Amino acid sequence: MAQSIIKLQASLMKDYYKNFSKFLRGKTPETKIAWVTSFAPVEILEAMGISYYYPESYAAVIAASEKEQPLLAVSEDQFLSCDCCSYSCCIEGCVQLQEGPRGVPPKPDILIATNNQCSTLPNWWNILAKRYDVPLIVLDYPGERIDRGVAMEYVTAQHKKLIEELSRLTGNEFSAERTEELIQNSRKSIAEWKRIVETWSRHDIEPTSLFDDISFLITSRCKPETAELYSMMADQISEMPETTKEGIPVFWTGYPLWYHPDRYLRPLMDGFRVVGSNYITWWIIDYSGKDIFEQLFNAYNYTFLNLSQQTRNKQLGDVIRRSGAVCAITLHNKSCKCDFVSARDIDIPQAEIEIDMIDRTFTDEKKAVAQLDILRETLCR
Amino acid sequence: MKLLSMSGFIPEPICDTVRFTHYSGSRNISHYCGYASDFISQVMSDDSIDGAVFPHTCDSSRIMKSYMSDSGKFMYQMNVPIRGDDIAVRFFAESIKDYQRHVEEYYSVAISQDEIKERSELVNRRNAAVRELYNDLASVSYAQYLEQIHKALCLPLAEQTACISGVKKAGSRGTKRAFVVGSFLSDTDIAAKIEEYGFVVVGDDLPESGRLSSRPEVTPETDIYASIARSILHSRISPTQNDFSGLIRRDLDEMKQRDVQAVLFISQKYCEPYEYLYSVYKKAMNEAGIPILKLSFTNSEDSQKADLLLESFADTI
């Protein structure tokens, strides 16, 4: 069974990366190419035969391959401040040099940015639009800030306009039926991922594997292989004995540290055991609704980072309670203000560590150790 | 009712607001753009303010409500579309109605359609006064022009046009024709320094100046809310409206018309829209052969580095 999991992972990754650098020498891709942000309604693109790539995810791969520093330096030479999101700085360096650990994503024919995660992504996509001189579509998701009916009308109008523009770009017809199938695939992927999220901490599993394995939910959630993969993983986990590991149960609030082999500060966290993370719950989105447009609205308008502070407090509080964590390590992430403020009102002791998810030089390790010591002492009193 | 507002996207025809310009007290928030941080600090510490209205257009403004929710004051975060098409106009019109409903409910007032139309006309007149000065910017002191606009934006709408019309034509001593790009220029000392070092500002795209002057009139249509929405969204755009190419093209056209020799790009540290804009704006200026200086400040009163940088830059023009 383990072999099948590895085979499925390899197959999904091979499919995703197969076109990286393939078209550098002027060959034309078979499908139109879109670069999208992490919470774009990809079911629409998949239904219309468009291949899509995630620059954010590739930045994580670059950092995991220990290649981010030279690219961050090139980005500064391109006048992009290092105060900006490190995902964008990393990719700016990658596309400027046309270099990356797995090559370079194929040149986009269209760029699609959303603001249901942060407001920085549309700004970043604007500079990509200038670089590639291709159309930029920005999808505006109002979240909970206005009456649901008004929000749904706005989002649905945008989704329909997106379909028209993609149809013009590709010459392909949109199929509501096919989109419904793809939404169902996404639902299944999420349901199986949820099984993993709800059970992993009871067994001898490091959060590292979850931080890495969620990538399929991000990049391939509407592919049937993703649900199959997660189902196998969930089954495998359920067959494992319960863990006997000890340690102060701690919640990791924030992004994984992509540059770190463990994806979190494991070597500094003696005496702690990570039992939960909010990042691994972000793509558990809800496709409920009576038709595809309502389903896409619910899924993409109410993403966690697009919710009000009050709703986020409740949801994050629930996730923390279910995890059994008695304290939290909260990342004050240089690259993501929106995530950091989510932890503002959690009512367990927390150590707030200034860090960046991509730039390994940003962390002051001595200070982090001191903060973790204080947290440990606070809990042991 | 004293509502502190941040951003030109807040629809003034609904009710009077006091535009946030700068803050001098204790600073509480350090890791967001200085303008947003100072806004939060003023709302929390100034007892004369009983409410705040602000947009949701960038990451700093996005999180503001989280920091001010315990203030016990009226809070409204405006749903400003980040696109400018007809879909966005319709949505923004609904957002404006929603804002009106919240103000009426909280303050137990009723705002009539006639009042909104009258206030729209006052906005049109105020913007026309700004436009008149903007179209001949070289004939006024840029620092005094901005000071007067900032002063006006803190007054009731009915008094703003007279305040702006009070800007005297003084002529400029500078000879280096400059264009200013940036977010709201809180610290008008910077404008004074710009002139001190021999620049004459002939154009800008600041929200309180170039952008305000470009605003189409609110017309007395059947749907006044759609008209207000259209007027705001169809002004010269902010980088938060996500059309960097259009923004740069428009600015370059104006620079050519006004024979601009230098660009001064002024922003707050941690202001993502302007940081991203700068990376492509700089390249566009390099291609056009127009020298550009970037000034980055940490809060609404920070002008420490400006002297040295402006002086050195002026020497190169």
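These notebook entries record what I looked up on the model above.

**Basis.** I worked from a predicted model, in which local features need pLDDT of at least 70 and side-chain atom pairs count only at pLDDT 80 or more, while totals for chains, interfaces and linings use all residues. Residues are numbered from 1 along each chain as its sequence is written, chains are lettered from A in the order in which they are written, and side-chain values use heavy atoms, without hydrogens and water.

**Confidence.** I noted an ipTM of 0.95 and a pTM of 0.96. For chain B I found an average pLDDT of 92 (pLDDT is the predictor's confidence in each residue, from 0 to 100).

**Aromatic rings.** I looked up ring pairs (rings of Phe, Tyr and Trp, the last by its six-membered ring, with centres within 6.5 Å; planes under 30 degrees apart are stacked, over 60 edge-to-face, the rest tilted). The count is 37 aromatic pairs over all chains. Why is the pair B:Phe199 and B:Phe313 stacked? The ring centres are 5.9 Å apart and the planes are at 20°, so the pair meets the rule for stacking. Both B:Phe199 and B:Phe313 are buried (under 20% relative accessible area, with exposed over 50% and partly exposed in between; 1.4 Å probe, protein chains only).

**Charges over rings.** A:Lys160 lies over the face of A:Phe293, 4.9 Å from the ring centre. In chain B, B:Lys294 lies over the face of B:Tyr278, at 4.9 Å from the ring centre.

Methods. Lys NZ or Arg CZ within 6 Å of the ring centre and 35° of its normal.
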